[in-house]
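Here are some notes on the model, written for reading beside the coordinates. Please check each point against the structure as you go.

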Amino acid sequence: MSTETIITAAASGTWTLGDLTVNRIGFGAMRLPQTGEALVPNAVSRDRDQAVAVLRRAVELGVNHIDTAAFYFSPLRSANELINRALAPYADELVISTKVGPARGPSGQWVEHARTPEELRGQVEENLRQLGRDHLDLVNLRVLGTDSVAERFGALAELREAGLIRHLGLSNVHPHQLAEARAIAPVVCVQNRYGIGIRPDHDAFVRACGEQGIAYVPFYAIAATGGQSGAGGQADEEVLAVARAHGASPAQVRLAWTLHRGPHVLAIPGTGDPDHLAANVAAGALRLTEDELASLDALHARGE
């Protein structure tokens, strides 16, 4: 699929996060602060002007959903600060989602997750300060394990009632945790690791979110098992065959497959490369045939 003709994020369709309408192709800011692997202490900081230019180009291409976090930073760059510099004052239609729970110390090392209401409020306020906002559009509570989320999600629900947060979501969760959270406050999205060959056992959860009107927002949909290091290795033959048929890249096919999982499934691919950005956005216009989907679904079912 050629990207010579400019394709915007509108080609991916829309979904509503609470009362906020977003195009289904968004942008993840994790890769912006550095080149190479993200979320490591010794990351090589990205050129500021390049990062700012990519963010502004994303918005020009119709991206109106940007995913970020205060723990997305390198020694010299912060994703939130870059977003603030590039896009403030923010357009009314731009939705910035962030997440709380994980934490990194000043030198970039991981520290214990925020668990108390005071710690979570501190992370919310840090996001507000870095982004230059008086409220956050969407905050995802990211969790580890299968323990109860009631106390932590309840703390965020109180901040929502206080006007600091507009909508709430969950990240890295299981169905029982979603049910527990929904008993406390509305949940507009679930952000979990998912993609071709990644967590086929979560297929039913993906469908259930759609049945409940909840967006499902996969992360690492392109990187797959590469995770925060990014995509690597040889693409599967099934993916390559579909890519050849459409004149597309394997990354575009992975994104397109993700969007075909349901109208409630969003995508937040991240990059610091303007060409990759345009290709990611253009993937929202890629329509796969039933036979192609069947082939990719079979690959997915085998897992990686």
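1. Basis. This is a predicted model, in which local features need pLDDT of at least 70 and side-chain atom pairs count only at pLDDT 80 or more, while totals for chains, interfaces and linings use all residues. Residues are numbered from 1 along each chain as its sequence is written, and side-chain values use heavy atoms, with hydrogens and water left out.

2. Sheet. An open sheet is built from seven strands in the order S3-S6-S7-S10-S11-S12-S13, with parallel pairing. Strands S3 (27–28) and S13 (215–216) are at the edges with a single partner strand each, so one side of each has no neighbour in the sheet. Strands (E, at least two residues) and helices (H or I, at least four) are DSSP runs, numbered from the N terminus. Two strands pair if DSSP finds at least two bridges between them.

3. Inside the sheet. S11 (residues 165–171) and S12 (residues 189–191) run parallel and are joined by three bridges. Leu170 has Val190 in S12 as its bridge partner.

4. Helix on the sheet. Helix H4 (residues 150–161) lies across S7 (95–100), S10 (136–142) and S11, at about 160 degrees to S11. Axes are lines fitted to C-alpha atoms, for helices over the stretch in contact, and angles run from 0 to 180 degrees between N-to-C directions.

5. Hairpin. S1 (residues 14–17) and S2 (residues 20–23) run antiparallel, with four bridges between them. Trp15 stands opposite Val22 in S2. Two residues lie between the strands of this hairpin, and Gly18 takes a positive phi near 65 degrees.

6. Helix pair. H7 (residues 237–246) packs on H10 (residues 290–302) at an angle of about 155 degrees, the axes being 9 Å apart. That makes H7 roughly antiparallel to H10 (an angle over 145 degrees). On the H7 side Glu238, Val239, Val242, Ala245 and His246 meet Glu292, Ser295, Leu296, Leu299 and Arg302 of H10. The residues of this contact divide into five nonpolar, two polar and three charged. Here Ala, Val, Leu, Ile, Met, Phe, Trp, Tyr, Cys and Pro count as nonpolar, Asp, Glu, Lys and Arg as charged, and the others, Gly among them, as polar.

7. Ile83. Is Ile83 buried or exposed? Ile83, in helix H2 (residues 79–87), is buried, with a relative accessible area of 0% (buried means under 20%, exposed over 50%, partly exposed in between, with a 1.4 Å probe and protein chains only). Leaving aside neighbours within four places in sequence, Ile83 is in contact with Ala29, Leu55, Ile66, Thr68, Ala88, Tyr90, Ile96 and Leu131 (contact means heavy atoms within 4.5 Å).

How values were computed. Parallel < 35°, antiparallel > 145°, perpendicular 65-115°, else oblique.
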